[in-house]
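Here are my notes on the model you sent over.

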Amino acid sequence: MTRDLRTARTGAVLTFVLAGLLCGSMTVRIPALSDKLGLSEASVGATLLVWGLGALVTMQSMRVVMARVGSRSVLRVAAPLTAVTLALLALAPSFPLALAASALFGMAFGAVDVAMNAQGSVVERAYGRPLMNGMHAGWCAGAISAGLLGAAAIAAGLPITVHLTLVALLALPATAFAGRTCLPDPVVSPGHDGAAPAARRRMPPVVYLLGVIAFCAFMVEGTVADWNGLYLRDVLGATEAAAALGYPIFEAGMLAGRLTGDRVRARFGARGMMVASGLATAATFGVVLTAPTALVALSAMLFVGVAVATVSPMAMSLAGGATADPGPAIAQTGAMGYAGLLLGPVLIGFLADVATLRAGLGIAVVLGVLIAALAWFLPRFRATALPVPARTAPRELSMAA
């Protein structure tokens with residue numbers, strides 16, 4: 001194994017860490033942004049919505065961009081821009097400028113998310129063994145770090161402008177370093193000839209199936225992030241401080257699941273692991289919804305995180321292996337997956353209005369079962385099978401009978 005290959009893996013993990021740090025830093029200081037600009041709840045919701053829409057719009061365009069230039073070029077531009085646009089959001093003096101900065105931040109992040117998953121697929125191919133779950137563990141580590149740093153900044157009375165600007169300034173050189181470690185994509189159409197037709201070419205059906213699975217997994221993750229605290233406080237009677245522990249506990253479970261996920265996948269295969277993960281997600285979230293106390297629900301949240309942790313990384317990894325050029329396929333799967341983050345809060349809010357919050361959150365149990373059912377139709381990849389080498393045709397992807 002060459003030194004360049006090890007450096008590329010380190011750079012890929014670092015990119016995931018930085019993405020989690022930058023995104024998590026924005027999330028943890030949303031209340032401070034609201035106080036600074038005097039925003040209503042509707043205005044806060046609009047700020048988050050334009051962030052999500054910006055990310056989704058960029059992801060939808062990444063099929064063409066990735067086919068032309070590849071993940072390495074995208075990361076070298078978009079990762080530093082993510083840090084810069086976070087600083088712009090922190091410095092915004094008014095609500096309209098905050099909306100514009102939030103949209104730009106979302107667009108930069110959307111490009112990074114697709115490109116870092118594509119680069120992760122390239123590194124996996126070079127290594128010849130599963131690595132994607134470990135890379136996504138970097139995201140969890142970054143998000144947890146953002147929460148801890150945010151709590152420290154709040155305790156120290158650090159204004160949001162200073163806090164987020166410092167995070168951006170520290171992240172900027174790290175993103176530049178990570179961009180220099182990237183491996184070239186295996187298939188990128190040279191110049192302009194053939195790039196657009198390659199991007200427009202219909203993906204194999206398995207890419208869309210993986211996109212739906214990712215959609216379900218991301219919706220579960222979004223459900224926990226957006227509604228778990230309210231459920232713990234208003235339904236189970238937890239204190240504000242105890243309710244705030246739900247998401248970090250969930251993220252800790254996600255981190256544990258992703259740190260071990262690659263070894264489990266190598267032994268048992270992606271298809272069986274996805275089926276088991278979906279069933280475990282349904283079962284553990286069922287415990288959360290039937291828990292008699294907040295303590296039981298908080299404990300169960302750890303296992304929900306472990307259960308759902310590996311679904312979206314495996315979906316991205318398998319999508320990257322479904323075609324000779326991983327970038328456009330991962331862009332398609334990622335765009336479908338992140339739509340779940342936008343739709344989830346809206347759907348649960350509607351169900352909570354017409355029924356109860358507990359009933360609305362029951363959709364997470366349904367999503368877990370759906371993940372298991374859809375994964376059953378995936379090809380039976382060998383336990384150690386990985387994306388095809390750079391010059392291998394997509395139809396030659398190894399599958400067990």
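1. Start with the contacts. Counting contacts in the chain with a separation of 6 or more, 84% join residues 24 or more positions apart. Do keep in mind that this is a predicted model.

2. On secondary structure, the chain has 16 helices and zero strands. Its radius of gyration is 20 Å, close to the 21 Å that the globule rule gives for 401 residues, so the chain is as compact as a globular protein of that length. If you want dimensions for a figure, the C-alpha trace spans about 55 × 45 × 35 Å along its principal axes.

3. How much of the chain is buried? Of the 401 residues, 55% are buried, meaning under 20% relative accessible area. The accessible surface comes to about 16400 Å², and carbon and sulfur atoms hold 69% of that.

4. For the annotation, an unreviewed UniProt entry gives "transmembrane region" at residues 12–30, 42–62, 97–116, 206–224, 236–256, 295–318, 330–351 and 357–378. Please word this as coming from the record, since such annotations may be inferred rather than shown by experiment.

5. Two of those spans can be set against the model. Residues 295–318 are 92% helix and 0% strand, with the end C-alpha atoms 37 Å apart. Residues 330–351 are 100% helix and 0% strand, and there the end C-alpha atoms lie 31 Å apart.

Notes
Residues numbered from 1 in each chain as written. Predicted model: local features only at pLDDT ≥ 70, side-chain atom pairs only at ≥ 80, totals over all residues. Heavy atoms only, no water. Helix = DSSP H or I, 4+ residues; strand = E, 2+ residues; numbered from the N terminus. Rg over C-alpha atoms; globule rule 2.2 N^0.38 Å. Buried < 20%, exposed > 50% of the residue type's maximum accessible area, 1.4 Å probe, protein only. Contact = heavy atoms within 4.5 Å. Areas by Shrake-Rupley, 256 points an atom, 1.4 Å probe, with all protein chains shown as cover.
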